[in-house]
Amino acid sequence: MIDVLFIGLSLSSILLLVALGLAITYGAMGVINMAHGEIVMAGAYVAVLSGIWLKTSFYVALPLAFLAAAALGWIIERLVVSRLYGRLLDTLLATWGVSMLIQQAIRLEFGLTFLGIHIAGLGTGLQNVAVPAELQGVVNIAGVELNAYRGFIVLVTVVLTALTWFIMYWTSLGMKVRAIIRNPKMAAACGIDVRKVNALTFAYGSGLAGVAGVMMSGFKGVSPDLGSSMVVDGFMVVVTGGLGSLIGTIMASGLLGETNALVAVATNDILARAVIFAAVILVIVLKPEGLFSFKRR
Amino acid sequence: MTLDRRLTLCAYALFIVAIFAVPLFVDEFGLNRIAKFLVYGMLGIAIALSWGYAGILNLGQGLFFGLGAYMLAMSLKLASPTSLQQGADKPVPDFMLWNAEPGAPTDLCCINKASFLWLPFQHQSVGLVMGIALPVIVAALLGIIVFRKRIEGPFVSIITLALVLLVRLVLVDAQPVTGGFNGLTDLASLEIFGFEFDPYSKGTYWLAAGILTLTLVATRLIVETRAGLVLQAARDDQRRVRYLGFDVSLYQTFFFCVAAAISGVAGMLYVIVAQFASPTFMDLAFSVTMVVWAAVGGRASILGACVGAILINMMEAGISETEALVGAWKAIIGLVFVLTVLFLPRGLAGLLHDQIGRFASVGRDKPRVAHVPMSSAAVTETKEA
């Protein structure tokens with residue numbers, strides 16, 4: 001039982017890292033970023049590429065992926081999303097186009113396949129990332145054997161969530177973001193540079209997604225369509241948790257991750273996902289503002 | 001009749017003549033292909049109706065398409081010669097036999113726990129009726145729940161998205177009854193009053209073209225009725241329309257059902273033309289792709305969305321002939337989509353409309369001051385957020 005809950009916890013952790021970025025961008029900027037999953041995928045490819053080309057260890061990939069994904073997010077925000085503020089559904093559609101572009105960029109190795117050039121680590125195939133030896137075993141805690149890698153995922157997530165918490169509630173940048181979440185026009189009127197803060201927020205959320213990608217690369221093969229299901233799961237979490245609510249996102253990812261693990265053990269993976277979708281539909285219908293939301297002003 | 005209206009009429013007439021003229025130039029194999037594009041055109045119409053006119057972005061239109069397709073496919077599967085085992089007089093789909101537990105009776109009623117659901121589909125008419133009825137029933141239930149609760153904008157999109165993925169998962173999981181990942185293949189041709197619709201025949205193309213024309217004209221007429229106007233008003237400002245005493249959810253549900261019915265019919269046509277039904281119809285990518293077609297063609301124009309769907313698919317088919325370009329195509333369509341949303345929110349139809357409007361105003365004494373766009377969907381979304 002505890003091992004199932006632990007698997008659920010590690011699922012929740014990855015969900016949380018993916019959803020945090022979505023929750024912030026959706027809550028603060030009214031942007032539905034369908035390319036978020038592809039940013040996760042890009043993070044996973046940073047792990048693949050840094051392993052092959054830089055010969056660095058898995059741990060180095062974490063900050064690298066954060067930076068690369070943040071840069072990618074920043075570019076997307078500047079080029080596409082910033083032109084669409086206030087057109088919520090259009091952001092959804094445009095970022096879907098962006099996600100197709102990113103996927104194809106990896107598949108076609110940035111178009112170099114047409115020139116007959118091949119870059120190791122890119123392309124349509126599955127790539128593997130070597131997990132450090134110390135994370136491969138099991139850890140014995142209170143008589144229960146727990147997978148060390150899953151423990152590492154939980155640990156990193158806790159650290160990053162705490163960091164996000166700190167930024168959001170203890171720095172002036174965080175205060176600006178929270179002001180924008182509550183009322184963007186009023187925030188702008190108070191002298192907050194909404195454009196700049198939005199771009200930074202978007203980049204930070206993307207960075208978290210990049211780290212999530214590195215974590216995922218550790219226990220499953222990396223392929224260009226790795227991210228497409230992640231963005232759906234991420235949105236399920238955001239909607240369940242409530243818009244712009246950090247606590248809500250944390251609780252909802254825990255809830256959905258654990259439900260997924262428990263149902264998967266009781267039946268199978270497919271039904272587990274189906275139950276999650278059914279639960280989310282119920283939540284939207286019964287409590288559209290999310291389970292853990294605050295009142296908007 | 002205003003100039004605008006005359007031009008619209010011309011465009012519709014031109015399109016209808018064009019699709020009926022195709023068989024003069026194309027062989028049977030090509031016709032089968034184009035018939036598929038016409039089916040996609042129907043999906044474009046459904047998206048334009050629900051997105052452009054009702055303001056409901058359905059990211060799960062594939063659900064209704066898939067339901068329609070599966071319903072008819074079940075009937076055609078039972079009519080297929082592969083369903084008749086040697087010596088048996090009652091049909092049992094082949095995949096059920098492969099999945100049957102040892103000792104299970106080889107009969108549709110009880111070969112597995114849920115196979116009795118297939119019994120009514122022995123009559124082909126049941127498949128045909130259910131192909132429209134089931135999507136409409138599902139849409140009505142969903143619409144009543146969602147629109148009564150006044151759920152709006154992205155939440156409706158996410159519900160529809162979650163629902164189509166949910167149904168897809170269940171469909172794949174219920175492999176003994178639905179054929180799982182493989183879907184339903186090896187189908188018979190549709191037969192109505194003794195006429196067999198062979199997918200590679202002119203008859204089937206006429207069927208697709210006829211139904212598309214009917215849908216196109218009917219949809220265009222229905223949005224001009226009083227109900228259609230109330231719907232468009234509700235898209236622009238729900239609260240005001242509600243204040244005027246209209247039951248907005250009723251109108252939304254009705255048009256949601258109409259879009260579902262169109263998609264269901266499209267699904268059935270697809271099965272007749274392509275002779276298979278597969279869970280990929282309910283992939284998220286497929287549903288979003290439909291939205292791409294409509295967006296490029298013109299989300300607020302029924303004909304535009306329809307033509308957009310057909311043109312994009314024709315281009316895709318053309319490009320896919322060259323192996324190396326298959327991957328590039330996806331990137332191109334992604335780029336086109338981003339650019340359309342950014343710079344052409346009303347799609348090709350909007351662009352064409354503006355150009356013709358500008359051209360027409362040159363020839364007249366007074367320039368047209370109040371240029372009324374076909375729809376203000378792009379404008380309304382600004383308000384929504």
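Helices here are DSSP runs of H or I, at least four residues in length, numbered from the N terminus. The model described below is predicted.

Most residues other than glycine have a negative phi.

| Residue | Phi | Location | Other C-beta atoms within 10 Å |
|---|---|---|---|
| Q275(B) | about 60° | loop between α11 (248-274) and α12 of chain B | 21 |

Is Q275(B) buried or exposed? A residue counts as buried if 20 or more other C-beta atoms lie within 10 Å of its own. Q275(B), with 21 such atoms, is therefore buried. Neither a glycine nor a residue with negative phi, Q275(B) sits in the loop that joins α11 to α12 of chain B.

**Helix α2 of chain B**

Helix α2(B) covers residues 28-53, 26 residues in total. From its first C-alpha to its last it reaches 36 Å, close to the 38 Å expected at 1.5 Å a residue. Of these 26 residues, 21 are buried, so α2(B) is largely enclosed by the rest of the structure. After α2(B) comes G55(B), which has a positive phi near 75°.

**Packing of α1 and α5 in chain A**

In chain A, helix α1 (residues 2-29) packs against helix α5 (residues 148-170) at an angle of about 35°. The axes of these two helices are 9 Å apart, and the crossing is left-handed. On the side of α1(A), the contact is formed by F6(A), I7(A), L9(A), S10(A), S13(A), I14(A), L16(A), L17(A) and L20(A). On the side of α5(A), the contributors are R150(A), I153(A), V154(A), T157(A), L160(A), T161(A) and T164(A). By class, the residues of this contact comprise 10 nonpolar, 5 polar and 1 charged.

**The contact between chains A and B**

Between the chains, 39 residues of chain B are in contact with 35 residues of chain A. Which helices of chain B each supply at least two residues to the side that touches chain A? They are α5 (124-148), α6 (153-173), α12 (284-297), α14 (325-343) and α16 (377-384). The greatest share comes from α6(B), with 13 residues. The side of chain B that touches chain A divides into 30 nonpolar, 4 polar and 5 charged residues.

Technical notes
Residues are numbered from 1 along each chain as its sequence is written. Chains are lettered from A and ligands numbered from 1 in the order in which they are written. This is a predicted model: local features need pLDDT of at least 70, side-chain atom pairs count only at pLDDT 80 or more; totals for chains, interfaces and linings use all residues. Axes are lines fitted to C-alpha atoms, for helices over the stretch in contact, and angles run from 0 to 180 degrees between N-to-C directions. A crossing is left-handed if the near helix is turned anticlockwise from the far one by less than a right angle, and right-handed if clockwise. Two residues are in contact if their C-beta atoms, placed from the backbone, lie within 7 Å. Ala, Val, Leu, Ile, Met, Phe, Trp, Tyr, Cys and Pro count as nonpolar, Asp, Glu, Lys and Arg as charged, and the others, Gly among them, as polar. A residue is buried if 20 or more other C-beta atoms lie within 10 Å of its own, exposed if 12 or fewer, and partly exposed in between; C-beta atoms are placed from the backbone. The expected span of a helix is 1.5 Å times one less than its number of residues.
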